[in-house]
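Consider the aromatic rings of the structure shown here: which of them pair, and which lie under a charged group? The paragraphs below go through them in turn.

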Amino acid sequence: MEPALVLGGGGSFPHIPSLAIRSTSSPPFLGFTFGSRIQWSISLARNPIQQKSHTRLALARAPERDHNVTEPPAKALRRILDLPGVHQGPACFDALSAKLVEKAGFQYCFSSGFSISAARLGLPDVGLISYGEMLDQGQQITQAVSIPVIGDGDNGYGNAMNVKRTVKGYISAGFAGIILEDQVSPKACGHTQGRKVVPREEAIMKIKAAIDARKESGSDIVIVARTDSRQAVSLDESLWRCRAFADAGADVLFIDALASKEEMKAFCEISPLVPKMANMLEGGGKTPILNPLELEDIGYKLVSYPLSLIGASIQAMQDSLAALRGGRIPPPRSMPSFEEIKEILGFNTYYKEEQRYATSTNQLSSQRDICQSAVADTLCKIVHKMIQSREVEVLMIPLLK
């Protein structure tokens, strides 16, 4: 479904106390949550999939949340799982991409081992990245946002005992959920060649070990049990394993690289009380790309988009480098302005909070705050020209009051 209208916001104008310019918030972001609950959104379909889509899509304002009250990440994720409809989660790869997901209005996100391996190591997702590197990257991601993050735990980095350590580490890092798969080591990306899976009993024991680690930690982290046996063995094998994972206590089930819509339906029919996760690999994976309404109709609860952010980032960097190589800077429409970049990264919020702790000995340093806008840039140039005339003090005193 393509929206005919999307209004975005969430930023604010730079705050300059000395010039008495008050911060003005732009309208709240109108984000799309598909299903029977839409948050601050207007849904306009050109070609509705089914007539019943009109009755199921109802405009409703999400309940107000007190952002000063910290909700445990696992609890926040379980709250999302309890909501009706299907819920989209883009895959991030670092703190900045996670912040952009949150600013875009998504309720949660995934961390992608594929994308983290690409961004952090510049290497393919073939089991080269380590547990320690994934944990470090994950902690930076979870600390950057307030929405719950589901971490990519690969195959747990070893046997059942390694899985326990991995789960406890991801809990400490602040993850709301963890995806654990049944591939052998070294693992491979789910839609590439050469995948092999561990025996059934070992796969089940790993999920049991994850649940034991959760209990021992006093946590409620969501365990997403993934099997890669569809491509490694058969559809029947993947369905059998998912039933066994559900019986072992997994919270969410995930079969990677299902090959048709019929296979996706067969998956969602097993263990009907356990939520199902879909993976919409953009750009040409083995699984058909379906829109959120179609996924909800089949029976999915969570849907990930693993390559959108890393793929768009690669393309944008290639385009910018081509422009620079040709003696040009990237066109304005291809990148945010400097002011917009500073707002995204939190410069203006930082400067505002910094004023709370200003002392009489560092008041002059607040000229740095003034120089965060186009107006202040002009003033700074004037100050520079007036230094030799000794008039700079006369200029700055009224500005800093």
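Helix 14 spans residues 347-354 and contains both Phe347 and Tyr351, which are four residues apart, about one turn of the helix. Helices here are DSSP runs of H or I with at least four residues, strands are runs of E with at least two, and both are numbered from the N terminus. The model is predicted, so local features need pLDDT of at least 70 and side-chain atom pairs count only at pLDDT 80 or more, while totals for chains, interfaces and linings use all residues. Residues are numbered from 1 along each chain as its sequence is written, and side-chain values use heavy atoms, with hydrogens and water left out.

The structure holds six aromatic pairs. Rings of Phe, Tyr and Trp (its six-membered ring) pair if their centres lie within 6.5 Å; planes under 30 degrees apart count as stacked, over 60 as edge-to-face, and the rest as tilted. Buried means under 20% relative accessible area, exposed over 50%, and partly exposed in between (1.4 Å probe, protein chains only).

The Phe347 and Tyr351 rings have centres 6.2 Å apart and planes at 50°, so this pair is tilted. Phe347 is partly exposed at 34%, whereas Tyr351 is buried at 12%. Together with Tyr350, these two residues form one aromatic cluster.

A charge also sits over a ring: the charged end of Arg200 is 3.8 Å from the ring centre of Trp240. The criterion is NZ of Lys or CZ of Arg within 6 Å of the ring centre and within 35 degrees of the ring normal.
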